[in-house]
Amino acid sequence: ASAVLHIGHYLCIARKGLFTSPGPNLRQLKEHPRVAVTTFTGHTLMEKHLKPIPPGSIVVSTFSAIQDLVASTDLVAFVPEDLVNTWHMRDALDIWTIHEVETRTEVRAYFAKSPKSSASAWFVNQVIETLRDPTLSET
């Protein structure tokens, strides 16, 4: 089961200064090497607009390595804005929105369909409500 926490967007990121402002358009980015995330993560919104993956790209199975890869190479990446907002290296990155396609996505919390107990059900609801708190990203 899952619950929508809020609506977010995918952002394009690159190391600071790789492109002139406001950054390249989607057509240019289709041919630029990037850090792509494997499809089994469920994060395919941008990849469907960017196929095939160009030579020189790196495919990863998690978002955790992306900020370091992008900050230290000429690769670009497309990541959920909620993730970018938590990165400690944001100052080393240029971050922008792609306007040519819809980048909006539901940010969801996933949990077991049937809680093992009423305490588990209560805890899941508490976590969901906490994650829906708009001030959470400010901390």
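These exercises treat salt bridges, an aromatic pair and a surface patch in a predicted model.

Local features need pLDDT of at least 70 and side-chain atom pairs pLDDT 80 or more, while totals for chains, interfaces and linings use all residues. Residues are numbered from 1 along each chain as its sequence is written, and side-chain values use heavy atoms, leaving out hydrogens and water.

**Exercise 1.** State how many salt bridges the model has, and work through the one between Asp-94 and Lys-16.

*Solution.* 
- Apply the rule: a side-chain nitrogen of Lys or Arg within 4 Å of a carboxyl oxygen of Asp or Glu.
- The count is 5 salt bridges.
- For Asp-94 and Lys-16, the closest N and O atoms are 3.2 Å apart.
- Locate the partners: Asp-94 is in strand S5 (residues 93-96), and Lys-16 is in the loop between strand S1 (2-15) and helix H1 (26-30).
- The pair links distant parts of the chain, 78 residues apart.
- Helices (H or I, at least four residues) and strands (E, at least two) are DSSP runs, numbered from the N terminus.

**Exercise 2.** Find the aromatic pair and give its geometry.

*Solution.* 
- Rings of Phe, Tyr and Trp (its six-membered ring) pair if their centres lie within 6.5 Å; planes under 30 degrees apart are stacked, over 60 edge-to-face, the rest tilted.
- The count is 1 aromatic pair.
- Phe-19 and Trp-96 form it: 6.0 Å centre to centre, with 80° between the planes, hence edge-to-face.
- Phe-19 lies in the loop between S1 and H1 and Trp-96 in strand S5, so the pair ties together parts 77 residues apart in sequence.
- Phe-19 is partly exposed at 23%, whereas Trp-96 is buried at 11%.

**Exercise 3.** Which residues form a nonpolar patch on the surface?

*Solution.* 
- Trp-122, Phe-123, Val-127 and Leu-131 form the patch.
- Together they have about 400 Å² of accessible area.
- Trp-122 lies in helix H5 (residues 118-131).
- Trp-122 is exposed, at 54% relative accessible area.

Conventions. Patches are made of residues with over 30% relative accessible area and no salt bridge: like charges are joined within 9 Å, nonpolar side chains (Val, Leu, Ile, Met, Phe, Trp, Tyr) within 5 Å. Accessible areas come from the Shrake-Rupley method with a 1.4 Å probe; for residues, only the protein chains shown count as cover. Buried means under 20% relative accessible area, exposed over 50%, partly exposed in between (1.4 Å probe, protein chains only).
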